[in-house]
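The entries follow the order in which I worked.

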Amino acid sequence: MVSSLRLPALTSLFSPSFTRRSTVSLQWRFHLRSPLSAGFSSQSAASSPLETKDRVDNKKSSGIQDRANTDRVITPRSQDFNAWYLDVIANAELADYGPVRGTMVIRPYGYAIWEAIQDYLNVKFKETGHSNMYFPQFIPYSFLEKEASHVEGFSPELALVTIGGGKELEEKLVVRPTSETIVNHMFTQWIHSYRDLPLMINQWVNVTRWEMRTKPFVRTLEFLWQEGHTAHATLEEAEKEALQMIDVYTKFAYEQTAIPVIAGRKSKVETFAGANKTYTIEAMMGDCKALQAGTSHNLGQNFSRAFGTQFTDENGQRQHVWQTSWAISTRFVGGIIMTHGDDAGLMLPPKIAPIQVVIVPIWKKVDEKTGVLNAASSVAEILKTAGLKVKLDDADQRTPGWKFNFWEMKGVPLRIEIGPRDVSSGSVVISRRDVPGKQGKVFGISMEPSILEAYVKDRLDEIQSSLLQKAISFRDSNIVDVSSYEELKEVISLGKWARGPWSASDADELRVKEETGATIRCFPFEQPQGTKTCLITGNPAKEVAIFAKSY
């Protein structure tokens with residue numbers, strides 16, 4: 001009974017739209033723990049004229065179980081994107097909800113994706129001269145008050161501690177929403193001379209922001225992130241650092257997650273509280289909403305002046321340091337889901353996938369089992385030795401058809417099938433997650449180590465590239481150039497992104513937000529040439545801005 005209530009509770013917790021769901025999707029949710037139906041991915045499980053007899057017979061023998069589970073489907077993306085997103089998170093076992101409203105428990109598979117993000121970025125941070133460390137999560141409230149715009153910007157989201165050890169605290173504590181203030185407090189003690197600069201650190205931590213409207217991974221009360229903090233002797237060095245880190249994020253998004261983000265500068269209205277400039281990478285999700293996937297801030301001297309963070313320069317003069325901060329969080333996991341997933345579930349780019357290849361052994365008769373499992377183990381060892389992340393699913397409790405659907409749901413890029421006749425011929429069958437049905441299945445790939453390794457690595461590279469190109473095509477087909485406010489409103493009403501010249505005021509920007517629900521996502525670094533006229537005022541404009549509704 002407990003398991004039958006899990007997904008409705010997840011939905012009601014994170015979204016007000018639960019009551020509008022269809023009967024079909026409700027029916028699936030009450031079978032969260034049951035096997036996946038073959039229905040939503042029947043193409044990839046369908047028999048092919050080229051398939052071996054043992055593979056077809058095995059599917060026939062599992063037909064009763066498959067029919068028993070035909071009610072277990074995912075809400076189609078086109079029907080209800082939010083319901084689809086929650087279905088994928090639940091069924092791919094990425095996360096569950098916590099006992100406190102708006103919190104989530106990241107399950108092992110979801111956390112493995114976050115670990116892959118950490119592994120890549122940790123290397124890049126260290127290559128660019130940063131060291132990992134840790135700051136406490138409890139921050140004196142007075143620290144936030146030292147920087148006026150900072151406390152004003154974060155005040156509605158703060159979680160405060162007023163009692164400790166059974167006694168009321170002399171000063172209330174803030175549960176870390178971000179760390180600029182406590183970092184500056186410590187920097188003031190560590191930085192004395194120009195010889196102490198630059199000081200460049202990063203920490204991997206949790207933060208708490210009391211969000212009113214939450215969505216798993218995308219916006220929760222508590223989430224995980226990395227936050228980098230640096231101090232420099234000059235404005236130019238700080239600006240170079242802020243741009244360098246947004247470039248690190250951009251390359252990560254393109255090369256590792258196959259998400260074609262648009263990098264640019266935030267408007268003054270959208271700039272981080274306490275920063276002079278905020279740079280961002282904006283990603284288009286499958287419903288065309290924008291996701292702010294990472295930010296890098298040039299903090300100027302705002303925090304160093306508030307905290308008195310100074311150094312003695314080479315001329316013996318006391319100067320305030322120039323600073324940056326930058327961050328990527330677990331919302332990137334949500335971005336991966338919403339960029340690449342389909343009606344069959346999660347679809348992971350190979351470079352970020354916890355499992356790149358799943359091997360499914362298939363046998364019908366008892367005397368076939370040993371030979372098939374030995375061959376499957378051998379193939380798994382070959383690929384692991386080649387440095388690939390491999391899962392051999394040799395469990396007896398589930399049929400091969402169930403396993404096909406399950407690992408498709410989990411987004412594993414490649415599946416290898418091995419049956420008795422494959423063992424006899426010394427070959428395997430390989431299916432691509434990103435190409436459904438017969439088109440994505442290839443028979444007769446040799447088990448010879450060098451051939452198999454090369455083939456699998458080539459296919460993984462193809463999948464990585466294909467996912468990126470597909471996402472680029474989707475993004476570009478949903479960005480529309482506009483030259484007037486009327487055109488902007490029309491484009492936004494269609495759910496697309498509007499790109500047009502902008503030199504209007506903050507008040508005009510807020511008016512656009514109020515009337516359309518869209519905000520300036522960024523002024524892209526890549527700007528078109530030629531003269532421009534502001535779409536709302538008619539005055540000359542130096543750059544174009546991108547407007548979109550966002551998460």
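This is a predicted model: local features need pLDDT of at least 70, side-chain atom pairs count only at pLDDT 80 or more; totals for chains, interfaces and linings use all residues.

Entry 1, the sheet. I began with strand 8 and strand 14, which pair in the antiparallel sense over eight bridges; strands here are DSSP runs of E with at least two residues, helices are runs of H or I with at least four, and both are numbered from the N terminus. Two strands count as paired if DSSP finds at least two bridges between them.

Residues are numbered from 1 along each chain as its sequence is written, and side-chain values use heavy atoms, with hydrogens and water left out.

On its other pairing, strand 14 meets strand 11 (residues 290-300), again antiparallel, over five bridges, and there T295 is partnered by A327 of strand 14. I then checked how covered strand 14 (residues 322-329) is, and found seven of its eight residues buried, where buried means under 20% relative accessible area, exposed means over 50%, and partly exposed lies in between, with a 1.4 Å probe and protein chains only.

Strand 8 (residues 222-232) also runs antiparallel to strand 7 (residues 199-208), to which ten bridges join it, and W204 finds its bridge partner in Q226 of strand 8. Tracing the whole arrangement, I got an open sheet of eleven strands with mixed pairing, in the order 3-7-8-14-11-10-9-22-23-21-20. Its edges are strand 3 (131-132) and strand 20 (479-481), each of which pairs on one side only.

I looked up P524, which is found in strand 22 (residues 519-524) and is buried, with a relative accessible area of 7%. Its C-alpha lies 6.8 Å from that of A545, although P524 and A545 are 21 residues apart in sequence.

For helix 15 (residues 400-409) I found ten of the ten residues buried, so it is largely enclosed by the rest of the structure; among them are W402, K403, F404 and E408. Just after helix 15, G411 takes a positive phi of about 80 degrees.

Helix 18 (residues 485-493) gave another pattern to record, with Y485, L488, V491 and I492 buried. Seen down the helix axis, these buried residues fall within an arc of 120 degrees, so they line one face of helix 18; the arc is taken from the directions between the axis and the C-beta atoms. On the other side of helix 18, E486, E490 and S493 are exposed.

I searched for disulfides, taken as pairs of cysteine sulfur atoms within 2.5 Å, and the structure holds zero. I also noted that C288 counts as buried at 10% relative accessibility, and that C522 is buried at 1%.
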